[in-house]
Amino acid sequence: MTTPLRLGIAGLGTVGAGVAKIVAAKSNLLAARTGRPIVIAAVSARSRDKDRGVDLSGYDWESDPVTLATRDDIDVFVELMGGSEGAAKKATEAAIAAGKQVVTANKAMLALHGQELAAAAEQASVALRFEAAVAGGIPVVKALTEGLAGNQITRVMGVMNGTCNYILTRMETAGLPYDEVFAEADALGYLEADPTLDVGGIDAGHKLAILASIAFGTQVNFDAMQLEGIQRITIDDIRQAADMGYRIKLLGVAQMTGRGLEQRMSPCLVPANSPLGQLEGGTNMVVLEGDAVGQIVLRGPGAGEGPTASAVLSDIMDIARGDRISTFGQPANALEPAVGAQTAVPARYYLRMELLDKPGALAKVATVLGEAGVSIDRMRQYAHEESSAPVLIVTHKTARSALDHALQNLPGTAVLSGEPVAIRIEQV
Ligand code: NAP
Ligand code: HSE
């Protein structure tokens, strides 16, 4: 009889219960594929009495996740509590110090403490794996660390927050304003306990920071991420973008430039007929570009019990097989500090503004743009009845600094009503 791999699972919510269900229901399949039984030794959560939809009576209960993480009878500590600090971090550190392998789905903890945890895991000669932390059921960590290991990665892009993609696509299909769809998403239980994590781009930014580290061999540096959420996107932006052949996505882009690592998570216009443009609802998509492979597109469910538990199992099964790979694809001490690029690669921009409908207004706007070095590609003024007219401008490629200079000077023309909105158009 081969030695079983013994799990201690901390966190029995959506993901933890999902993992327990798969381990219970598919023991033969898991053993056949890894060559050894995978068993749960003990579990932990805040409330012992809650019905989790799975029979946990055969496992020991620990009320303290740190005690669970250091038990003699577990080989792998599976951290599924969440939160960048507190119990999750303490228990993960304790598990590593006790020589346990660790599997987690915790993108917040990895984005903020990934480097120190990876270094500690390597020091202790244990694995720290996190497939479920990025894009849920999509095996993107494996794709980068293994499938594309022979490539110089040139760019990573992705829609990695299903809630934001749901909100943006629902606004478009139902013709509803942001606030109404946000309330709908809330009622459906899509939003994180702190919704800013979703709509502010933070959750997706955590995921992108993790992928950037693997892709570019740099230390995770979430602080260097340029972040902008979807809160200012209006139904008019969505309609007018569509009118010009684009869709708006909360898009993450990471690329190594001559000026350092560019990491952006922000609303972008992408061609409506591109794979990213066609992504509907809560689905995630990650686009990876490598010098040898070219471009590959991965699409699938980014959240939910089954997809996320599926990714956790993939890590557990690698450990059961004895597969070893450094946390971020190479030893932690070989990862370079990520120097953040101060400016983004030049791009075309979509500009929306309300102009007072009076003679010379458009000319004044064009002058400010021209003086800042921003060239206009296309311009459209929409039919209007009130005293202000909605105007849409698509620029030629321009540096963000030039555009910001123009945006600063536009109010001085005294022909604008409200603040202009600028959204990057991404080449995908
Ligand atoms: P969840 O449903 O809120 O479950 C969290 C679990 O952790 C609960 O069982 C909770 O206990 C337990 N817990 C929280 N604090 C604890 C503490 N101090 N001590 C012991 N147990 C504690 O969360 P989830 O959605 O499963 O997410 C878990 C992790 O997976 C997070 O890092 C999340 O970011 C990540 N993730 C989730 C998804 C998803 O689709 N849900 C997708 C990708 C990644 P009680 O049940 O007793 O309250
Ligand atoms: N809040 C996240 C999302 C959950 O909407 O994609 C999965 O990380």
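Reply: Contact here means that heavy atoms lie within 4.5 Å. The model is a predicted one, in which local features need pLDDT of at least 70 and side-chain atom pairs count only at pLDDT 80 or more, while totals for chains, interfaces and linings use all residues. Side-chain values use heavy atoms, without hydrogens or water, residues are numbered from 1 along each chain as its sequence is written, and chains are lettered from A and ligands numbered from 1 in the order in which they are written.

Leaving aside neighbours within four places in sequence, isoleucine 167 is in contact with Tyr178, Val181, Phe182, Ala185, Val199 and Ile230. Ile167 and Ile230 are also among the residues with the most contacts inside the largest nonpolar core, as are Phe77, Val134, Val140, Val156 and Leu288. Such a core is a set of buried Ala, Val, Leu, Ile, Met, Phe, Trp, Tyr and Cys residues joined through side-chain atoms within 4.5 Å; buried means under 20% relative accessible area, with a 1.4 Å probe and protein chains only. The core has 83 residues. Helix 10 (residues 202-216) gives the most to this core, namely 9 residues; helices are DSSP runs (H or I, at least four residues), numbered from the N terminus. A second, separate core has 34 residues, including Leu7, Val54, Val76 and Ala311. In soluble globular proteins, nonpolar side chains tend to be buried together.

Residues count as near a ligand if a heavy atom lies within 4 Å of it, and the residues surrounding ligand 2 include Lys107, Thr163, Asp203 and Lys207. A polar side-chain atom of glutamate 192 lies 2.7 Å from a nitrogen atom of ligand 2. Oxygen atoms of the ligand lie 2.8 Å from a backbone N or O atom of glycine 162 and 3.5 Å from a polar side-chain atom of asparagine 161. The protein covers 86% of the 260 Å² of accessible area that ligand 2 has on its own, by the Shrake-Rupley method with a 1.4 Å probe.

Ligand 1 is surrounded by 22 residues, and Gly304 is one of the closest; a polar backbone atom of glycine 304 is 2.7 Å from an oxygen atom of ligand 1. Taken alone, ligand 1 exposes 890 Å², of which the protein buries 78%.

Key
Buried < 20%, exposed > 50% of the residue type's maximum accessible area, 1.4 Å probe, protein only. Helix = DSSP H or I, 4+ residues; strand = E, 2+ residues; numbered from the N terminus. Polar contact = N/O pair within 3.5 Å; in protein donor to acceptor, adjacent residues only side chain to side chain.
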